[in-house]
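Here are my notes on the model, jotted down as numbered points. Please keep the viewer open while you read.

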Amino acid sequence: DSIGGRLMPGAGAVVVSVQEAAGKAPDVVAGKPSAWLLELLTHQYDMQPARTAFVGDRLDTDIQMGSRCEAGLTVLTLSGVATWEDVEAAVEAQRVGGDVNGNGRAIPHVAVPSLRTLVGV
């Protein structure tokens, strides 16, 4: 995650630390882009992916989750972790035949400078 312009470990790093200390993998992974979380959202909360917008600052979690569930809209905010260069690299990887959904390089429908710019999208 990006805090004050510095990249910091995300929740996944904490999970792996606890896993290593416990010597046991978690029974359920609820983070993005897990299938478990998608199942919960669609069944427990009646989320309809085609009518849902996934908004976030990471290609490999937020946008990946939206892509995997075929969300109606994925929006990348460029005020966090991912940069425009990351989006360009994902587009290039897809162009040359990369497995976009398998390698964490999902491509957003829209990229905006920040959350403030979402008004009117």
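1. A definition to start with: buried means under 20% relative accessible area, exposed over 50%, and partly exposed in between, with a 1.4 Å probe and protein chains only as cover. Helices (H or I, at least four residues) and strands (E, at least two) are DSSP runs, numbered from the N terminus. With that in hand, look at H3: 7 of its 10 residues are buried, so the rest of the structure largely encloses it.

2. Some housekeeping. This is a predicted model, where local features need pLDDT of at least 70 and side-chain atom pairs count only at pLDDT 80 or more, while totals for chains, interfaces and linings use all residues. Residues are numbered from 1 along each chain as its sequence is written, and side-chain values use heavy atoms, with hydrogens and water left out.

3. The overall layout. The chain has 4 helices and 5 strands, and along the sequence they read β-β-α-α-β-α-β-α-β. Of the 121 residues, 26% are buried. The chain exposes about 7800 Å², with carbon and sulfur atoms supplying 55% of that; the areas come from the Shrake-Rupley method with a 1.4 Å probe, and for residues only the protein chains shown count as cover. Taking contacts (heavy atoms within 4.5 Å) between residues at least 6 apart in sequence, 49% join residues at least 24 apart.

4. Back to H3. Which of its residues are buried? They are Leu-59, Thr-61, Asp-62, Ile-63, Gln-64, Met-65 and Gly-66. The cover over the buried residues of H3 includes H2, strand E3 (53-56), strand E4 (73-77) and H4.

5. The sheet. Three strands form an open sheet in the order E3-E4-E5, with parallel pairing. E3 and strand E5 (110-112) are at the edges with a single partner strand each, so one side of each has no neighbour in the sheet. From one strand to the next, the twist averages 20°, where axes are lines fitted to C-alpha atoms (for helices over the stretch in contact) and angles run from 0 to 180 degrees between N-to-C directions.

6. How the strands pair. Pairing here needs at least two bridges found by DSSP between the two strands. E3 and E4 have 4 bridges in the parallel sense, and Phe-54 has Thr-74 in E4 as its bridge partner. E4 and E5, also parallel, are joined by 3 bridges. On that side, Val-75 partners Val-110 in E5, and Thr-77 stands opposite Val-112 in E5. E4 itself is mostly covered, with 4 of its 5 residues buried.

7. E3, H3 and E4 make up a right-handed β-α-β unit. Right-handed is meant in this sense: with the strands pointing away from the viewer, the path from the first strand over the helix to the second runs clockwise.

8. The cores. A nonpolar core is a set of buried Ala, Val, Leu, Ile, Met, Phe, Trp, Tyr and Cys residues joined through side-chain atoms within 4.5 Å. The largest has 7 residues: Leu-59, Ile-63, Leu-76, Ala-82, Val-87, Ala-90 and Ala-106. Helix H3 (59-68) and helix H4 (84-95) are the elements giving two or more residues to this core. A second, separate core has 6 residues, among them Met-47, Phe-54, Met-65 and Cys-69. Leaving aside residues up to four places away in sequence, Val-87 touches Leu-59, Leu-76 and Pro-108.

9. The H1-H2 loop deserves a careful look. Pro-33 lies in the loop between H1 and H2, and a cis peptide bond with omega of about 5° joins Lys-32 and Pro-33. Ser-34 is also found in the loop between helix H1 (11-22) and helix H2 (35-44). Is Ser-34 buried or exposed? At 12% relative accessibility, Ser-34 counts as buried. Beyond residues up to four places away in sequence, Ser-34 touches Val-29 and Met-65.

10. Finally, two backbone angles to check. Most residues other than glycine have a negative phi, and most peptide bonds are trans. Asp-46, in the loop between H2 and E3, has a positive phi of about 55° although it is not a glycine; at 55% relative accessibility, Asp-46 counts as exposed. Glu-70 sits in the loop between H3 and E4 and, at 64% relative accessibility, counts as exposed.
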